[in-house]
Amino acid sequence: MLYYIKYQFTGGKTLKKQIAILLLAAVMFTACGSKSKISTGNEPVKNAVYTSEKVSLADYTGLKAEKKNYMITEQAVEDRIQEELMEFADYNSVTRASKSGDYVQTDFKASIDGSPVVQEDKYDFVIGDEEFGPEFDQKLTGVSAGDELNFSLDFAEDFTDADWAGNTVDFEIRVTDIQEQILPEPTDEFLTKNTTYSSYEDFETAMRQSLETSYTAESTQELQENLLQQVIDASSILMYTKEDYKQAEDMVQNVYLSYLDMFGLEDLDDVYEFLEVTEEDVEEEIQATLHRTLIINAIIEKEKFSLTDEDYEEGIRYYMDQTETESREELLQIYGEEEIRRQLLEDMVLNDLVNNATLTEVDTEYEAD
């Protein structure tokens, strides 16, 4: 659903490829009449505020939760400035030995049991990125152009590349160049010429505001999910349909399918094995997805939430901004009007939970994943 990318472009901690796959595969969870009903055997909750065929809904007003106010440190602002300046970075060859942060260009060959698994000229590594783990980066630290390296490394069973995981990989590397990254000085002159900012003060203020927007969005997301989970835990799912279940199953499986290309795997069973996910784990995720949707639907029905034309148009503009789509037509083509309308109703639910909750604000440091 669109919900999963509300914070993708404002600093959310979710894995972007997972989010994109989940969005594209998202489908509506709607009432399915009387066909294929599956009873859970659960009893209605005491003092339910709303009961439908599927859900016995606990009171969802006056919930209690902490709202995190992520503090913006000077180091965080500086890091954000450096990230922005990387677009204008130059890369200069150096004669010194390589160190952390350098780009090491190589003629690269990796083999397992004598068979090459990667063989490529001009293969670049950034020391510190740990593309092949910290030990590999250590081997490339302190080398110079012209050096030839031959070494072997043992990779753990949970290494990201399935072909390498649990194997000993033999490397033959010829270092062809060492480059250091040179970031420009963000002077007023540079910024005026290359960006939309006319001074360093404006630039720094914008980066600080960007962090504030990101932190606020993530704090809101965490708070909304905290409150919603409280409602899910206190309520009771009475029944669902096979179609409800199948749609939840498809959503969960599509997240795992995103790993196929990422890790060079062939099918879902390989993904589950690679991630050490059991059938019980997958079933738990399906049930969580199913319950989340049924509870949200119940609140929508209880509150009789609906969208005005103004709500819809405002939502279109909001999600165009959040997804960085260039036009209204592009947004509708990707997600469809029905899904956008359904997501806007879900937003109403989440905002209503926050507006009716008792919150304790807590100042805390932001910790990125």
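Guide: Happy to! Helices (H or I, at least four residues) and strands (E, at least two) are DSSP runs, numbered from the N terminus. By that rule E273 lies in helix α8. This is a predicted model, where local features need pLDDT of at least 70 and side-chain atom pairs count only at pLDDT 80 or more, while totals for chains, interfaces and linings use all residues. Residues are numbered from 1 along each chain as its sequence is written, and side-chain values use heavy atoms, with hydrogens and water left out.

Visitor: How many helices and strands are there in the chain?

Guide: The chain has 12 helices and 12 strands. Its C-alpha atoms fill a box of roughly 75 × 55 × 40 Å, taken along the principal axes.

Visitor: What percentage of the residues count as buried?

Guide: Of the 369 residues, 41% count as buried. Buried means under 20% relative accessible area, exposed means over 50%, and partly exposed is in between (1.4 Å probe, protein chains only).

Visitor: Back to E273: is it buried or exposed?

Guide: E273 is exposed, with a relative accessible area of 64%. E273 also belongs to a negative surface patch, together with E266, D267, D269, E279, E280, D281, E284 and E285.

Visitor: Which elements give two or more residues to that negative patch?

Guide: Those are α8 (268–274) and α9 (279–303). The largest share, 5 residues, comes from α9.

Visitor: And what counts as a patch?

Guide: Patches are made of residues with over 30% relative accessible area and no salt bridge; like charges are joined within 9 Å, and nonpolar side chains (Val, Leu, Ile, Met, Phe, Trp, Tyr) within 5 Å. A salt bridge is a side-chain nitrogen of Lys or Arg within 4 Å of a carboxyl oxygen of Asp or Glu.

Visitor: Let's switch to strands. Which strands does β9 pair with?

Guide: Two strands pair if DSSP finds at least two bridges between them. Strand β9 (residues 168–182) is joined to β5 (residues 90–93) by 4 bridges, to β6 (residues 103–112) by 9 bridges, and to β8 (residues 148–154) by 7 bridges. The β5 and β9 strands run antiparallel, as do β6 and β9, and β8 and β9.

Visitor: Which residue in β9 is the bridge partner of N92?

Guide: N92 has E180 as its partner in β9. Likewise, Y103 is partnered by Q179, and L149 by I173.

Visitor: What joins β6 to β7?

Guide: There are 9 bridges between β6 and β7, which run antiparallel, with T106 partnered by Y123 in β7. The two strands form a hairpin with 2 residues between them, and D113 in the turn has a positive phi of about 55°.

Visitor: Where is K122 placed, and what is its phi?

Guide: K122 sits in strand β7 (residues 115–126). Its phi is near 55°, a positive value in a residue other than glycine, and K122 counts as exposed at 62% relative accessibility.

Visitor: What about E324: where is it found?

Guide: E324 is in the loop between α10 (309–323) and α11 (328–335). E324 has a positive phi of about 60° although it is not a glycine.

Visitor: One more: what is the order of the open sheet of 3 strands?

Guide: The order is β2-β3-β10, with antiparallel pairing. β2 (50–51) and β10 (236–237) stand at the edges with a single partner strand each, so one side of each is left without a neighbour in the sheet. Between β2 and β3 (residues 55–57) there are 2 bridges, and the partner of Y50 in β3 is L57.

Notes:
Accessible areas come from the Shrake-Rupley method with a 1.4 Å probe; for residues, only the protein chains shown count as cover. Lys and Arg count as positive and Asp and Glu as negative; His and the chain ends are not counted. The place of a charge is taken as NZ of Lys, CZ of Arg, CG of Asp or CD of Glu.
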